[in-house]
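Student: I have the sequence and the model open side by side, and I'd like to go through a few parts of it with you. Could we start once both are on screen?

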Amino acid sequence: MNAPNQLAIIAGNGIYPVLLANAARKAGVGRIFAVAFTSETNPALAGKVDEIVWLRVGQLQRMLTTLRDWKVGSAIMAGQIAPRNLFDLRPDWRALLLLARLGERNAESLFGAISEEMEKVGVRLLPATTFLEDLIAAKGLIAGPNLSRRNEADIEFGWPIARQIAALDIGQTIVVKNGTILAVEGFEGTNDTIRRGGRLGRGGAIVLKVAKPKQDMRFDVPVIGPETLKIAHEAKIRALVVEAGRTLLLQRDELAEQAAVLKLTIVGR
């Protein structure tokens, strides 16, 4: 795509927003703005953008007013908000109205409603993979050692189950070992699911992470990075299996090096 002259990043936690800002700059975006959230967004993002505003999670009206004042036409959501902060939400009047009209409160319904509010002030939400297409997982062995037949059997067993869980909008991640589902992601998020499944498996379990069958690529796109790998290693996980073509591998080179050192396999399926 042609790089817009101005871009806003709606920045959650982790390294993702920083990598996106670097990639957007490299692609030729003239001015980059960021909406950041206290206790969530990496402060390093401030040095990568032309202007940044810090908000509390739930200040929807102020976010929309800021985007309108910046006169940006495009925005990208990058990084997640910790579940604990979503339960500690202090919504302003605009957010309260939005929440009141939602029948379901999941990532798709919530972020979809926010994107509609953004469109009202002239801001179009771009796919979360924009400018990061070279970080999308390919099919096959991505990093780390080859898997055993037992590992491959667990993947074959777990993959359709992971897809069904995602279709039900329960979560994107499951942990499997020896033909048994050890953990299914709920509201706690991927990292805590990995920790829980690893603890139950006592070494050698497989993590499978998928997109929803009708994944809206503007938000809640599956992402793994070095922090995911670190947590998986601590949980004694054997492999991370991600959906090819619909998962972002942040800091890909570092991931590959880290996987080789930790002897932890990453596979795209």
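Student: Which residue stands opposite L125 in strand 5?
Tutor: In this predicted model, the residue opposite L125 in strand 5 is A75. Strand 4 (residues 74-78) and strand 5 run parallel and are joined by two bridges.

Student: And what packs on the sheet there, touching strand 4 and strand 5?
Tutor: That is helix 5 (residues 107-120), which also touches strand 1 (6-11), and whose direction makes about 160 degrees with that of strand 4.

Student: In what order do the five strands of that open sheet come?
Tutor: The order is 3-2-1-4-5, with parallel pairing.

Student: Which strands pair with strand 13, and in what sense?
Tutor: Strand 6 (residues 140-143) pairs with strand 13 in the antiparallel sense over three bridges, and there G140 has G268 as its bridge partner. Strand 11 (residues 237-242) pairs with strand 13 in the parallel sense over four bridges, with V241 opposite V267.

Student: Last topic: what lines the second largest pocket?
Tutor: That pocket, with a volume of about 210 Å³, has a lining that includes L19, K26, F131, D134 and R252. The largest share of the lining, four residues, comes from helix 1 (residues 16-27), and by class the lining has five nonpolar, two polar and three charged residues.

Technical notes. Residues numbered from 1 in each chain as written. Predicted model: local features only at pLDDT ≥ 70, side-chain atom pairs only at ≥ 80, totals over all residues. Heavy atoms only, no water. 1 Å grid on protein atoms, 1.4 Å probe; cavity = no way out; pocket = protein on both sides within 12 Å on 5 of 7 lines; lining within 4 Å. Points joined across faces, edges and corners; volume = space filled by probe spheres on them. Nonpolar A, V, L, I, M, F, W, Y, C, P; charged D, E, K, R; others polar. Pairing = 2+ DSSP bridges. Contact = heavy atoms within 4.5 Å. Axes fitted to C-alpha atoms, helices over the stretch in contact; angles between N-to-C directions.
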